[in-house]
Amino acid sequence: MILIFKALISSSLAGLLELDTVQAGQFLLSRPALVGPLLGALNGCVLEGARLGILIELIYIDFIPVGGVVPPNGAVAAAVGVLAHSWAGLVPALAFFTGLFAGGLYSFVEYRLRSSRSRCNNVIEAEVKAGRERLNYWVAGAMLGESAAVSLYVFLFSGMVFLTGRFFRLEALTPAMNLAYSLMPWLGLSGLYFRFRAQMYKRS
């Protein structure tokens, strides 16, 4: 019961931190490198949370939202990764790839949320023309919806991982996942190197 309560708190906190991505502030509070250790400390696995968050940061840092492309969600990935480890009991390697999968899958949810908000533009425009401005109402509604969607998604996805682990022998995947997990720092650092090199060439 305590683990479920911690999962609920962690999911809610992830939903609040996710608002920093675009809607509120943009103080980098939603970056996986912060979400991972923060939720890890809340769930008693701060070191694993920090490791998961930093690795997810390295993998996702090269995704750039261009046009209508919605990149994977790093905050969701880090939150699910931590809960998959602390709540579902997965080894760090499995928790890491579970988080990556959850963050990538959430991009479809976020695309639907953006489409839903876009349909409100005509209504907002009509209200402004009519002198009935309710921008605070629409902004608050968008923020509340985004936060609730992230919180619910993280909790349900983590709960599904927990139940899956009770019915299937996920530990059979551990050897292959451990090998792939050990290569992630090198993959992330190499991607970071090529990105910085490209930026240096642009400046020169």
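Reply: Happy to! E57 is buried, with a relative accessible area of 12% (buried is under 20%, exposed over 50%, partly exposed in between; 1.4 Å probe, protein chains only). This is a predicted model, with local features needing pLDDT of at least 70 and side-chain atom pairs pLDDT 80 or more, while totals for chains, interfaces and linings use all residues. Residues are numbered from 1 along each chain as its sequence is written, and side-chain values use heavy atoms, without hydrogens or water.

The partner of E57 is R31, and their side chains meet in a salt bridge at 2.4 Å, N to O (a Lys or Arg side-chain nitrogen within 4 Å of an Asp or Glu carboxyl oxygen). R31 is partly exposed, at 31% relative accessibility. This pair links distant parts of the chain, 26 residues apart: E57 belongs to helix α3, and R31 to the loop between α1 and α2 (helices are DSSP runs of H or I, at least four residues, numbered from the N terminus).

In all, the structure holds three salt bridges. Helix α3 contains both E48 and R51, three residues apart, or about one turn of the helix. Their closest N and O atoms are 3.6 Å apart. E48 counts as buried at 18% relative accessibility, whereas R51 is partly exposed at 44%.

In helix α5, R114 and E110 are about one helical turn apart because four residues separate them. Their salt bridge has its closest N and O atoms 3.1 Å apart. E110 is buried, with a relative accessible area of 8%, and R114 is partly exposed at 32%.

Key:
Helix = DSSP H or I, 4+ residues; strand = E, 2+ residues; numbered from the N terminus.
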